Each structure stands twice: as C-alpha cells, then as structure tokens.
Amino acid sequence: MQNLIDNFFAYTITGLTIGAVYALVALGYTLVYGVLRLINFAHSEVFMYGTFAALWVVMLLGGRPGAGVGQVIFWVAMMFVAAMAMSGFIAVLLERVAYRPLRKRNAPPLIALISAIGASFVLAEIMGLRSRITGWVGLDDNLRDYVRNSRNNAGMPTIIAPQPIFTVGGYHVTNVDVFVIVGAIAIMVVLDQFVKRSRLGRGIRAVAMDPESAALMGVNRDRVIQVTFLVGGVMAGAAAVFYMLKIGITRYDAGFILGVKAFTAAVLGGIGNLRGALLGGFILGLAENYGSAVVGSQWKDVVAFVLLILILLFRPTGLLGESLGKARA
Amino acid sequence: MRSTLKFAVPLAVAALALGACGTKGGDTATPAASGGAAACGNYKIGMFGALTGPNANLGIYIQNGVNLALDDYNKKHGDCKVTLENYDSQGDPTQAPALAKKAIDDKKVVGIVGPAFSGESKAADPAFNEAGLVTITPSATNPKLAENGWKTFFRALGNDATQGPAAAKYIKDTVKSTKTFVIDDASEYGKGLADIVRQDLGSQVVGNDTIQQKQTDFSASVTKVTSSGADALFFGGYSPEAAPLIKQLRDAGWKGTFVVADGVKDQSFIDNAKDAAEGTVITCPCVPADVAPEFQAAYKAKYNEDPNTYSGEGYDSATILLDGIAAGKDRASMVDFVKAYDKKGVTKQLKFDAKGESADIKVFAYKVEGGKIVSVGEIK
C-alpha cells in the first residue's frame with residue numbers, strides 16, 4: 001500500500017497508457033455490439049494483425065533507434081497507415097466470411113458467437129504458422145526476417161526512444177506516454193464526432209436503435225454493418241500502433257489476453273456505448289496497476305475482474321449504460 | 001524382476017516376428033536370441049520438450065544435440081538403427097501427462113531425453129516412474145524434482161540448488177549489487193530459482209514481485225523496480241517474458257544490471273529485446289561450447305551454428321541411453337544401466353548419485369555483448 005502511495009503518479013500514468021490501448025480495442029466490441037447485438041470475439045485477432053502490420057512496416061522501412069525527428073514521424077505515420085489498413089481489412093473480411101452468411105440465413109446469435117470464436121482461432125493460427133505458409137508458397141527467402149520464429153515473440157526496434165518530458169509527483173512522464181494517451185483520446189473524439197455528425201454515423205445509430213425501421217427509412221443495413229466493422233478495425237489498428245510503441249513485442253497469441261481485457265473494458269463502461277468504452281478502458285488500466293501495486297503483479301487480472309463483477313452487481317448495464325442509439329440520440 | 005521378464009521376452013519375440021529390423025534373415029527365427037545383444041529391437045529414444053511454441057528454441061537446441069548423438073550411433077550400428085520419437089509438449093505442464101502416456105504405450109521407446117522443463121517434469125515423471133521408463137533430463141533444474149523418490153529420474157546437469165546460490169554469489173561478488181530486486185514468473189522453475197536467490201541474498205533484497213507467463217505489459221513491475229532504487233534485478237523465468245520486461249525497464253530509464261538464469265539463455269531473448277538485452281548476465285549450469293571442441297566442430301558441421309544452451313547436455317543424455325541400447329539393455333534393464341553409468345561425456349563426467357542428480361556440477365556465467373551470448377567463465 002505504501003508503495004502505491006509513494007508512486008501513485010507512476011502507476012496512474014502507466015495505467016492510463018495501457019488503458020488507452022484497452023479503450024481503443026474496446027470500441028470495436030462496442031460498435032459491433034451496438035448494431036448487431038453480437039460480441040465479435042475475433043476482434044482480438046483484428047488487433048493482433050494490426051500489431052504485426054505495424055512491426056512489418058517498421059522493418060521494411062529500416063526503422064532503428066536514434067533517427068531524426070522527420071524520419072520518426074514518417075515511420076509512425078506509416079505504422080498507422082499499415083496497421084489501420086490491415087486491421088480494417090481483417091475486420092471487414094471477418095464480417096464477410098464469418099457473419100454475413102449466417103445473418104443471411106437468420107442464424108441464432110449463438111451460432112454467430114461460435115463462428116466468431118472459430119474465426120479467432122483460424123486467424124491466430126495463420127499468424128502462428130506464417131513461416132510454414134511462406135514455405136508452401138515459396139516466398140521463404142524473401143520474407144525470412146518477417147516470419148522467423150513464428151510462434152515466438154517478434155520484437156520491434158525502439159524507434160521512439162522514451163525521453164522524460166515533464167515530472168508529475170516524482171514520475172518522469174515520457175514522450176511515449178503522452179503520445180499514447182493524447183493520441184488515443186484524440187482518435188476517440190474524432191470517432192465520437194463521426195458517429196454523431198456524419199451521414200454514415202447517423203446510419204450506424206439508426207441501425208443500432210431499430211434495424212427494421214432504419215431499413216424502412218432507406219438505410220442500407222449491410223453497408224452500415226460493414227462500415228461498423230471497418231471503423232472498429234481501424235480503431236484496433238490505432239491501438240496496435242500505440243501498443244507497439246509502448247510494449248514493442250507481439251506474438252501470434254498476443255491478442256487473446258488483450259482482447260479479453262478490452263471486452264471487459266467495454267462491458268465495464270456499458271457495452272454499446274462509445275464513451276463507456278473509453279471510460280472502461282482507462283478504469284481497467286488503472287485498476288490493474290493499482291491492484292498490482294497493492295497485492296502483487298500476479299493478481300492484476302484478478303483485481304480487474306473483481307472490479308468488473310462489483311460494478312455489474314450494482315450497475316448491470318455498465319457505468320454509462322448500454323445502447324449506442326440512445327446515448328447519442 | 002519376474003514380471004519384467006515376462007514382459008520383455010514377448011516384446012523381443014514380437015520384434016523379431018515383425019522382422020522389420022536390419023538383421024539378416026536366417027538369424028531372426030531363433031528364439032534363443034531374445035534378450036541378447038544380437039537381436040535388433042528397433043528401439044527408439046524419446047525427446048520430450050518444447051519443440052514448438054514460445055519456448056521452442058530451448059527444446060530445439062537439445063533436440064539438435066540428441067540427433068547428433070543418434071547420428072554417431074547409427075553410423076556405427078548401421079544394421080540396427082535407433083530412431084528418435086518426438087514428444088512436443090510446448091513446455092506446457094498440462095500437455096505433459098498425455099504425452100507421457102503416449103511414450104509409455106510405445107513399447108519400443110526405451111528411454112526419454114527430457115522432460116526439458118521443470119513444470120512438465122513434475123507433471124509427467126510420476127507416470128514414467130510407474131512405468132519404469134527411464135528419463136534423463138538435460139535441462140530441468142528445479143531441485144525438488146529429485147526429492148520424489150522417482151527411480152527413473154536422472155538429471156544430466158546441476159540443479160537450481162547450485163545455480164541459485166551461484167547466481168546470488170555473482171550478484172554479490174561480481175555485479176557488486178547492494179540493492180537487489182527479485183521477480184519470478186510463478187512457474188515451477190522460475191519461482192523455485194528466485195526463492196533460492198531471495199534466501200541467499202537475504203536483507204540485500206529490496207523488493208519482490210511475481211508476474212504471469214504470457215504477460216506483456218509490465219508497467220507495475222517496472223514502477224516497483226525503479227522506485228526501489230535497486231541496482232540489480234534477478235528474474236526467475238523464461239525468455240518470452242524476460243524480453244519485454246527488460247525492454248520496458250530500459251525504456252523507463254532503469255540502469256541496473258539484469259541477471260537471469262538458463263531459461264533465458266536463448267537467442268530469441270536478444271532478437272526481441274534488441275538493445276535492451278545488452279549487458280544482461282545469464283547464469284547457466286550448461287557448459288560453454290568451447291570446452292568440447294570436437295563436439296562443437298561436429299555440431300557446427302551439421303547445423304551451421306555453434307552448440308547452444310543444453311545441446312551438449314542433450315547429446316550426453318542421448319549417448320547414455322544409446323550406450324545402454326548397444327549393451328543390449330531394454331526398457332526394464334535401462335534404469336540400472338543408467339544408475340551405474342560412469343563415463344566422460346562432452347560436458348562433464350557422466351555419473352549420477354542415489355537421487356539421480358549429476359555428480360559433477362559446474363555453473364557458468366554468460367553475458368550479452370554485441371547481440372551475442374558470450375561466456376565469461378565459471379562461477380566458483
């Protein structure tokens with residue numbers, strides 16, 4: 001406990017940093033739940049593919065520590081482009097392959113859930129077997145560095161060296177911390193505005209509120225669902241970039257635990273609610289860090305889930321309540 | 001003894017009847033050959049360890065050594081080759097019992113090299129003991145494994161009761177740390193080792209933490225280490241967690257010495273932690289490649305790289321079993337053969353005490369320099 005009090009700001013800032021990543025991934029769960037009333041359990045894999053896209057683009061461009069500012073900005077920009085494109089693509093592909101055929105046949109929601117879990121395994125294993133896949137298609141020599149040790153960690157060079165820029169209560173806040181927290185909030189503000197003001201956003205809200213009436217009003221439901229998956233994927237891609245800048249190491253199964261945490265964050269804040277995802281992510285990141293400080297790091301997941309249960313006991317719909325439609329109407 | 005004979009004779013006969021071995025046609029019909037060295041048993045030895053998954057490198061280094069020993073044997077015994085059966089546990093204790101059963105059910109398997117890790121050893125060794133199938137582990141270092149009275153347990157290297165104190169000694173005498181932080185990964189191996197280091201360092205330990213395997217965000221641990229003012233950190237665990245841990249510590253500006261043990265002695269640690277891995281001290285009861293130049297040369301010729309962590313120990317473990325097969329031993333008689341074994345191997349004098357521990361133990365220190373793990377000598 002004394003440790004937590006002494007280093008309160010250190011635990012807070014680092015908790016917010018990882019919380020920002022949870023929040024961005026949680027958006028994907030929340031958006032899809034909002035329009036489809038369905039938990040997209042393969043979303044963790046969408047995030048994981050983003051981390052690899054970010055890693056690969058840095059390797060491709062020859063990213064290394066200690067480069068000039070212009071170079072670093074270029075690399076980070078390319079990481080965003082690559083990770084968002086990859087995650088967005090995977091999310092849309094998932095919708096086409098794993099969900100749309102079921103929806104067309106009016107399958108019950110439970111079937112879609114099983115389909116999602118299956119898709120999650122398939123995606124993770126494809127990444128875990130990437131060295132064999134490149135072997136089969138004969139690209140081994142060209143891609144060796146990218147697929148090496150495909151079931152082990154893959155590390156990225158530190159392209160932004162963490163530098164302390166200011167001090168809060170004894171903790172030196174680094175440029176990476178600030179970039180991640182501010183960046184994540186900025187992206188979420190943009191998303192909030194997109195859903196609130198744009199035509200597509202209005203479509204998303206309409207489908208979330210009442211799919212049938214929305215269809216009667218001329219909203220193309222399939223298109224809206226596709227856009228929702230795309231937006232969720234792009235958010236996961238952004239989360240992947242922040243994750244790689246902060247943690248810098250990924251693996252074919254890196255999405256699993258993070259996905260569970262992000263899903264928890266979404267439920268915590270009220271699934272289907274965008275601002276709830278943001279709040280839930282930050283609270284979860286903080287709770288884990290404070291819990292680790294007080295009772296030891298091996299208990300951090302326990303602390304997070306106890307908190308979730310407590311909140312759901314008293315507020316079964318999460319902190320800010322459900323429903324994408326109502327909260328934004 | 002009677003029951004083992006009852007079991008061994010039909011086995012030998014069955015092997016002969018199958019006629020799949022290389023002995024010449026005429027001899028195979030004589031039942032008198034049963035149990036004799038002349039009969040080819042088509043025996044196999046098992047390799048039990050992580051061959052895929054995040055810890056696969058450690059298993060593959062061992063497997064390479066085992067394969068080299070097999071090549072040597074099969075070159076000499078072209079008419080009756082021994083084959084290797086792989087039991088890929090991925091280092092996961094929950095998968096180990098099923099794999100152990102598979103090995104036990106395959107009557108041609110006369111000995112196991114492994115299980116490679118301590119957790120999976122704890123899970124699988126009781127079954128091997130019950131079945132009387134000998135195991136020689138080239139890498140599992142938890143001291144408690146030898147305390148179970150398993151008759152089939154042998155360890156071809158020093159355990160953490162020697163590695164732990166050696167690591168503590170190195171931290172005190174060579175790193176000259178006065179404030180040491182200790183982290184473990186709650187695994188059979190990591191926690192066992194870290195607890196020994198904690199005990200040996202005593203009041204010099206300024207803080208403790210336990211992380212989880214597969215964890216990637218260590219921000220809470222990082223804050224604990226940096227705020228404790230520690231000038232050295234000992235981590236008991238494996239490389240998939242060691243790499244992100246040291247990376248995040250260095251990112252947070254921690255300047256102390258990172259000390260780890262044999263579970264991190266794996267090139268993938270450096271590949272992933274990159275510059276953050278520089279200066280890391282690794283203790284290991286494994287013998288550096290250059291003490292056995294002949295083995296080093298043979299290994300390099302086959303795999304195009306130097307022998308790595310526990311390759312030599314894997315070679316030695318397999319050699320003991322193969323010598324047993326050459327001496328006409330089967331699964332039942334192999335245990336006593338290994339117990340009485342006393343020969344010079346590539347890593348050390350291969351001899352076991354009553355508990356199955358290696359009689360000749362050395363611990364070495366290694367350091368990460370210029371992206372390579374280099375030996376800095378024995379810790380005495």
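**Entry 1: the contact between the chains**

I began with the area that chain B and chain A bury between them, which comes to about 2700 Å², with 46% of it on carbon and sulfur atoms; buried area here is the accessible area (1.4 Å probe) that two parts lose on being put together, summed over both. I noted that this model is predicted, that local features need pLDDT of at least 70 and side-chain atom pairs pLDDT 80 or more, while totals for chains, interfaces and linings use all residues. I also noted that residues are numbered from 1 along each chain as its sequence is written, that chains are lettered from A and ligands numbered from 1 in the order in which they are written, and that side-chain values use heavy atoms, with hydrogens and water left out.

I then looked up who takes part, and found 30 residues from chain B and 34 residues from chain A in the contact (heavy atoms within 4.5 Å).

For charged pairs across this interface I found three salt bridges, each being a side-chain nitrogen of Lys or Arg within 4 Å of a carboxyl oxygen of Asp or Glu. I looked up the salt bridge between the side chains of A:Asp253 and B:Lys214, where N to O is 3.3 Å.

**Entry 2: two domains in chain B**

I read that chain B is divided into domain 1 (43-159 + 290-351) and domain 2 (161-284), with bounds that come from an automatic or database domain assignment. Their centres, taken over C-alpha atoms, are 29 Å apart, and the contact takes 18 residues from domain 1 of chain B and 16 residues from domain 2 of chain B. Between them these domains bury about 1400 Å², 47% of it on carbon and sulfur atoms.

I found one salt bridge between the two domains. I also looked up B:Lys122 and B:Glu188, whose side chains meet in a salt bridge at 3.5 Å, N to O.

**Entry 3: a hairpin in chain B**

Lastly I followed strand 13 (residues 364-369) and strand 14 (residues 372-378) of chain B, which pair in the antiparallel sense over five bridges; two strands pair if DSSP finds at least two bridges between them. B:Glu369 has B:Lys372 in strand 14 as its bridge partner. The two strands form a hairpin with two residues between them, and B:Gly370 in the turn has a positive phi of about 60°.

Note on methods
Helix = DSSP H or I, 4+ residues; strand = E, 2+ residues; numbered from the N terminus.
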